[in-house]
Amino acid sequence: MVRVKNFKYENGNIEADIYPESSTVPGKVIVSPDGKMVEYTLPEGYEYCTIHVSHARWFIYENFDKILNSEITTEQLIMWY
């Protein structure tokens, strides 16, 4: 599970805070309109959580227009199995 929030549109990309698993400290993800990962960071101790970054990236890419148009503004909880 990963929580994604604080979406910002900057330089043509969407940036968001990501909280993997039980982290209380955010990492960051920046995704381009074509779904490419521009940059990401993970909180200390959560460096192994790259799958969480991938799920956050996919969510942002799939919802890029909704985020851009402020249709998605609240924290999102992304889960998978």
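Some ground rules before the residues. The model is predicted, so local features need pLDDT of at least 70 and side-chain atom pairs count only at pLDDT 80 or more, while totals for chains, interfaces and linings use all residues. Residues are numbered from 1 along each chain as its sequence is written, and side-chain values use heavy atoms, with hydrogens and water left out.

I'll start with the salt bridges. The structure holds 6 of them, a salt bridge being a side-chain nitrogen of Lys or Arg within 4 Å of a carboxyl oxygen of Asp or Glu. Take Glu-75 as the first stop. Arg-3 forms a salt bridge with Glu-75, and their closest N and O atoms are 3.9 Å apart. This pair links distant parts of the chain, with Arg-3 in strand E1 and Glu-75 in the loop between H2 and E5, 72 residues apart. On the naming, helices (H or I, at least four residues) and strands (E, at least two) are DSSP runs, numbered from the N terminus.

Glu-75 also meets Lys-5 in a salt bridge, at 3.7 Å from N to O. Again the partners come from distant parts of the chain: Lys-5 is in strand E1, 70 residues from Glu-75 in the loop between H2 and E5. How buried or exposed are these two? Glu-75 is partly exposed, with a relative accessible area of 39%, and Lys-5 counts as partly exposed at 22%. The cut-offs are under 20% relative accessible area for buried and over 50% for exposed, with partly exposed in between, using a 1.4 Å probe and protein chains only.

Next, Lys-28 and Asp-17. Their salt bridge has its closest N and O atoms 2.5 Å apart. Lys-28 lies in strand E3, residues 27-31, and Asp-17 in strand E2, so the bridge ties together parts 11 residues apart in sequence. Asp-17 counts as buried at 8% relative accessibility, whereas Lys-28 counts as partly exposed at 29%.

Glu-15 counts as buried because its relative accessibility is 14%. Leaving aside neighbours within four places in sequence, Glu-15 is in contact (heavy atoms within 4.5 Å) with Asn-6, Phe-7, Lys-8, Lys-28, Val-29 and Ile-30.

Now Tyr-19, which is also in strand E2. Tyr-19 is buried, with a relative accessible area of 9%. The charged end of Arg-3 sits over the Tyr-19 ring, 4.5 Å from the ring centre. To count as sitting over a ring, NZ of Lys or CZ of Arg must be within 6 Å of the ring centre and within 35 degrees of the ring normal. Beyond its neighbours within four places in sequence, Tyr-19 is in contact with several residues, including Met-1, Val-2, Arg-3 and Lys-5. As for Tyr-46, it is 27 residues from Tyr-19 along the chain, and the two C-alpha atoms are separated by 9.4 Å.

On to the aromatic rings. How many aromatic pairs does a search of the whole structure find? The count is 4 aromatic pairs. Rings of Phe, Tyr and Trp (its six-membered ring) pair if their centres lie within 6.5 Å; planes under 30 degrees apart count as stacked, over 60 as edge-to-face and the rest as tilted.

Tyr-9 and Phe-64 have ring centres 6.5 Å apart and planes at 80°, so they are an edge-to-face pair. They link distant parts of the chain: Tyr-9 is in strand E1 (residues 2-10) and Phe-64 in helix H2 (residues 64-68), 55 residues apart. Phe-64 is buried, at 7% relative accessible area, while Tyr-9 counts as partly exposed at 47%.

Why is the pair of Trp-58 and Tyr-61 called tilted? Their ring centres are 5.6 Å apart and their planes are at 50°, so the pair falls under tilted. Both residues lie in helix H1 (residues 50-62), 3 residues apart, about one turn of the helix. Trp-58 is partly exposed at 45% relative accessible area, and Tyr-61 counts as partly exposed at 32%.

That leaves the chain's segment after strand E5 (76-78), where Met-79 has its place. Met-79 is exposed, since its relative accessible area is 61%.
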